[in-house]
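This briefing sets out points to consider when viewing the structure below. The points are grouped by topic.

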Amino acid sequence: MDKDVSAGCTTSTLGQLALGLTLLAFGLGHTEVIDGVTAADAVALATYVGGIALFVVGILALREDRLTGTAFTGLGALWFTWGASADGPVSENAAGLFLLLFALLALTLTAASGGSPLVRGTYALMCAALLLLAVARFGDSGGLAKAGGWCAAAGGLLAWYGATAALANWPTALPGRPAGRGVTATG
C-alpha cells in the first residue's frame, strides 16, 4: 500500500473523528444489529459530539478551508437539530423532509469534495443513508431504514479511518499503476 497520507489541518482531523463517531452510532442504531440499541440511543452523542463539537470545529475550519468549514458547520447543525428534537412530536413526513433536506447538503458536499476518496465516500454514504432514511419515513419501511443505517455506519467507518490514518500515518491510497504507464499502441 502507498503511504500517501494527507495530514490535513487539525480541525479537519477532529471534525472527521466527530463525524465518524456520530455517523457510526446513528447508523448502528438504525440497523438494530446490537440488541437493545436503537437510533434514539445516539441522541446524546449526536447532540454534543456531532452537533456542538462539530459545529465549533466547522467555525474554526472556515478560516483554513471553506469546504471543510461549510461541511462541519452544516453537519453540526444537522446533528444538533436531530438530537435536540428527537423527543419532540413530529410527523413521519416532517421527519422524512428533514432527512431529505440534509441529504441534499450531503450531496453538495460529495460533489464539492474532490480530494480524498475517504472524504468523498463518507459524504456519498451519508447522502445515501439520509435519502434511504427519508424514504423509509415517508413510506414506513423498516427495511429501508436498516439499509440507511448500514450506509451511515459504513460512512462513519470511512470518516473514522480517514481521521485515524491522518493521525497515525496509515495509508489512505490503494496501490495502483502510476499515471502515464499503460498499454501503448505501436505502429
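The accessible surface of the protein comes to about 10,000 Å², and carbon and sulfur atoms account for 65% of that area. The model is a predicted one. Of the 187 residues in the protein, 39% are buried.

**Overall fold**

- The protein contains six helices and zero strands, and from the N terminus on its elements run α-α-α-α-α-α.
- Among contacts between residues at least 6 apart in sequence, 71% join residues at least 24 apart.

**Largest pocket**

- The largest pocket holds about 630 Å³ of space.
- Its lining consists of 25 residues, and those nearest the centre of the pocket are His 30, Trp 82, Glu 92, Ala 95 and Arg 137.
- Two or more lining residues are given by each of helix 1 (10-31), helix 4, helix 5 (117-139) and helix 6 (142-168).
- Helix 4 provides the largest share of the lining, five residues.
- By residue class, the lining of the largest pocket divides into 14 nonpolar, six polar and five charged residues.

**Aromatic pairs**

- With ring centres within 6.5 Å taken as the criterion for a pair, the count comes to five aromatic pairs.
- Phe 102 has a relative accessible area of 18%, which is under the 20% limit, so Phe 102 is classed as buried.
- Tyr 161 and Trp 170 form another tilted pair, with ring centres 5.7 Å apart and planes at 35°.
- Both members of that pair are partly exposed: the relative accessible area is 25% for Tyr 161 and 35% for Trp 170.
- Phe 26, Trp 79 and Trp 82 are linked into a cluster by ring pairs; Trp 82 is also one of the residues that lie nearest the centre of the largest pocket.

**Positive phi values in loops**

- Glu 32 lies in the loop between helix 1 and helix 2 (43-61), and its phi is near 55°, a positive value in a residue other than glycine.
- Asp 140 is placed in the loop between helix 5 and helix 6; its phi is near 50°, again a positive value in a residue other than glycine.
- The relative accessible area of Asp 140 is 70%, which is over the 50% limit, so Asp 140 is classed as exposed.

- Leu 62 is located in the loop between helix 2 and helix 3 (66-84).
- The relative accessibility of Leu 62 is 41%, which falls between the 20% and 50% limits, so Leu 62 counts as partly exposed.
- Leaving aside neighbours within four places in sequence, Leu 62 is in contact with Gly 69, Thr 70 and Thr 73.
- Leu 62 and Phe 72 are ten residues apart in sequence, and their C-alpha atoms are 9.2 Å apart in space.

Technical notes:
Residues are numbered from 1 along each chain as its sequence is written. This is a predicted model: local features need pLDDT of at least 70, side-chain atom pairs count only at pLDDT 80 or more; totals for chains, interfaces and linings use all residues. Side-chain values use heavy atoms; hydrogens and water are left out. Rings of Phe, Tyr and Trp (its six-membered ring) pair if their centres lie within 6.5 Å; planes under 30 degrees apart count as stacked, over 60 as edge-to-face and the rest as tilted. Buried means under 20% relative accessible area, exposed over 50%, partly exposed in between (1.4 Å probe, protein chains only). Helices (H or I, at least four residues) and strands (E, at least two) are DSSP runs, numbered from the N terminus. Contact means heavy atoms within 4.5 Å. Accessible areas come from the Shrake-Rupley method with a 1.4 Å probe; for residues, only the protein chains shown count as cover. On a 1 Å grid over the protein atoms alone, a cavity is a set of points where a 1.4 Å probe fits but cannot get out, and a pocket is an open set with protein on both sides within 12 Å along at least five of seven lines; lining residues have an atom within 4 Å of a point. Grid points are joined across faces, edges and corners, and a volume is the space filled by probe spheres set on the points. Ala, Val, Leu, Ile, Met, Phe, Trp, Tyr, Cys and Pro count as nonpolar, Asp, Glu, Lys and Arg as charged, and the others, Gly among them, as polar.
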